[in-house]
Amino acid sequence: MPFFASDLPLPETDLSFDQLEPGVDQRWSTWPSIIPTMRGPEPRPSWVVTSSGAFDTELGIVKTGKEADVFLIERAEPGHPGAVMAAKRYRGPQQRDFHRSSMYEEGRRTRSTRDSRAIANKSSYGRSVAAEHWSVAEFEAMSRLYELGAPVPYPVQVNGTELLMEFIGSGRTAAPRLAQVSPTRDHLDQVVELMHLIARAGFAHGDLSPYNLLVHEGRVVVIDLPQIVDAVSNPNGLDLLHRDCVNVATWFTRQRVPVDAEELFAELLVELW
Ligand SMILES: Nc1ncnc2c1ncn2[C@@H]1O[C@H](COP(=O)(O)OP(=O)(O)O)[C@@H](O)[C@H]1O
Ligand SMILES: [Mg+2]
């Protein structure tokens, strides 16, 4: 028998409190339109809101960047507690400068030669393909590392140039970057451990620094993964891994938590083979 929503009795609630359409700074939750491969790994954390009656509400900007801006959004069914998430939106045509070099791109395949040519020419079409490419690359890297148990934000979904992920912070306040805290030996141990995990999976982060590590309730979380590379098959993989080691070791050592970059690099090389 066909089912019509209009057959249902109206809810007993006061309709003035029951919002029926998205308001200003809101949209319908994009979740229902996301194909399964663009949704985060299962089992999904219980806080992920999957109801098709939910709205996404813009709460503000977390950080603007060169290639992407990070916003705070809340996904909730009207009248229900929702989930606060970070929305990382890559810049499309015109708004983006191409800081991430082709170094990361060597050996990586795009969908078609037309797309590769367009990206290389930096045409407007190329820029939108590239922006979407980075968001999907970051989503896939985050999903892979999450499944391996690495401390990354849970990737909720990717939709075009927008990646939605777990917000690392308390309430609406983002967790500080490692660069903003006085590091301890325990922070270093956590960073070294996550570097081992990433290397064991065959990757180099490629942009690891105290700006891409957040510290939340004593726990270090790694972010900003679009440029992650295959450490062995990418011709620049080992150089990038080495640079990650130097960035991390130099910073910790300056902060009086000494660590040797070359020793760290040597340990990680062992993980690759
Ligand atoms: N999931 C998140 N939770 C909380 N803050 C985040 C999250 N993702 C990013 N941020 C904040 O936004 C900043 C920029 O994000 P990032 O992914 O490093 O992009 P980029 O450096 O390319 O602009 C981070 O340094 C961090 O302060
Ligand atoms: Mg960053």
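User: Which residue stands opposite Met85 in strand 6?
Analyst: In this predicted model, Met85 stands opposite Glu166 in strand 6, where strands are DSSP runs of E with at least two residues, helices are runs of H or I with at least four, and both are numbered from the N terminus. Strand 4 and strand 6 pair in the antiparallel sense over five bridges, and two strands count as paired if DSSP finds at least two bridges between them.

User: Before going on, what are the ground rules on numbering and confidence?
Analyst: Residues are numbered from 1 along each chain as its sequence is written, while chains are lettered from A and ligands numbered from 1 in the order in which they are written. Because the model is predicted, local features need pLDDT of at least 70 and side-chain atom pairs count only at pLDDT 80 or more, whereas totals for chains, interfaces and linings use all residues.

User: OK, in what order do the six strands of the open sheet come?
Analyst: The order is 1-2-3-4-6-5, with antiparallel pairing. Strand 1 and strand 5 (155–159) stand at the edges with a single partner strand each, so one side of each is left without a neighbour in the sheet. Neighbouring strands are turned by 30 degrees against each other on average, direction ignored, with axes taken as lines fitted to C-alpha atoms (for helices over the stretch in contact) and angles running from 0 to 180 degrees between N-to-C directions.

User: How many bridges join strand 2 to strand 3, and how many strand 3 to strand 4?
Analyst: Eight bridges join strand 2 to strand 3, with Gly60 having Leu72 in strand 3 as its bridge partner. Strand 3 and strand 4 also pair over eight bridges in the antiparallel sense, and there Glu74 stands opposite Val84 in strand 4. The hairpin of strand 3 and strand 4 has six residues between the strands, and in this hairpin Gly79 takes a positive phi near 85 degrees.

User: Which strands does helix 2 lie across?
Analyst: Helix 2 (residues 124–147) lies across strand 4, strand 5 and strand 6, running at about 160 degrees to strand 5; contact here means C-beta atoms, placed from the backbone, within 7 Å.

User: Switching to ligand 1, which residues come nearest?
Analyst: Of the 21 residues around ligand 1, Lys63, Gly65, Ala86, Ile168 and Asp224 come nearest, a residue being near if its C-beta atom, placed from the backbone, lies within 6 Å. Strand 2 (55–64), strand 3 (68–76), strand 4 (83–90) and strand 6 (162–166) are the elements that give two or more residues to this shell.

User: And where does ligand 1 lie relative to the domains?
Analyst: Domain 1 (24–170) and domain 2 (175–273) both give residues to the shell, so ligand 1 lies between them; the domain bounds come from an automatic or database domain assignment.

Key
Contact = placed C-beta atoms within 7 Å.
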